[in-house]
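The sequence and structure come first.

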Amino acid sequence: MEKHTSKSLTKFTDPDLDSSTIAFLNESTRQIMNVVSNSATQIGKILYGAQQKLASFNNNGAFAKWIEYIGFGRTSAYNYINRYIAVQNLDSDKEIQAFESLPKSLTYDISKPSADPELTKKVLDGKIKTHKEYKALEAKLKQREQELSNKDAQIADQQAELEDNRKTQLEMSRQIAESNKRQPEPK
């Protein structure tokens, strides 16, 4: 498969060119990126349709065989499919336009079923603009989740310890009470 750049392009500049030529080239770049982006969504639609068609058969991996036959890797195919599904789930033309204008690598990340909805919203709102920013915030969120998970485990351990102590105290109280019953009362 042909590889397209997924980096975020800034405005092209060249001191040897006049401003109208620079403007023309920047507009041409925007148009090319729109075509690439829209084609990625259309490829996803086609792959999704084929996947759905083959899902109704007991096909022993026919979809995987087919995508390999046409030159797609499994990850690429599912990136395209997830991208198409994500576009279908967007609420407005504004969100679709924002999505389609993003670098491809960023659209693939926010299209994953496991993508954090909070981060996806920030991307679509323009608060996260690059794949690098997204990955940095994703790493921070994962770290925070891991810290919370560790604290939850620590709390669970402390609660289990408290419960064990409570059971031990109850057993000791029961033994003392039983021992007091066996001893004759003083006269």
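## Crossing of α1 and α3

In this predicted model, the axes of helix α1 (residues 19-55) and helix α3 (residues 74-88) come within 7 Å and cross at roughly 100°. Axes are lines fitted to C-alpha atoms, for helices over the stretch in contact, with angles from 0 to 180 degrees between N-to-C directions. Helices are DSSP runs (H or I, at least four residues) numbered from the N terminus. α1 and α3 are therefore roughly perpendicular to each other (65 to 115 degrees).

On the α1 side, S37, A40, T41, I43, G44, K45, L47, Y48 and Q51 meet A77, Y78, Y80, I81, R83, Y84, I85 and V87 of α3; contact means heavy atoms within 4.5 Å. By class, this contact has eleven nonpolar, four polar and two charged residues. Ala, Val, Leu, Ile, Met, Phe, Trp, Tyr, Cys and Pro count as nonpolar, Asp, Glu, Lys and Arg as charged, and the others, Gly among them, as polar.

## Buried residues of α3

Residues A77, N79, Y80, I81, N82, R83, Y84, A86 and V87 of α3 are buried (under 20% relative accessible area, 1.4 Å probe, protein chains only). The buried residues of α3 pack against α1, α2 (62-69), α4 (93-100) and α5.

## D109

D109 lies in helix α5 (residues 104-111). D109 is buried, its relative accessible area being 7%. Leaving out residues up to four places away in sequence, D109 touches A115, H131, Y134 and K135.

## Basis

Residues are numbered from 1 along each chain as its sequence is written, and side-chain values use heavy atoms, without hydrogens and water. Local features need pLDDT of at least 70 and side-chain atom pairs count only at pLDDT 80 or more, whereas totals for chains, interfaces and linings use all residues.

Notes: Helices (H or I, at least four residues) and strands (E, at least two) are DSSP runs, numbered from the N terminus. Angles under 35 degrees count as roughly parallel, over 145 as roughly antiparallel, 65 to 115 as roughly perpendicular and the rest as oblique. Buried means under 20% relative accessible area, exposed over 50%, partly exposed in between (1.4 Å probe, protein chains only).
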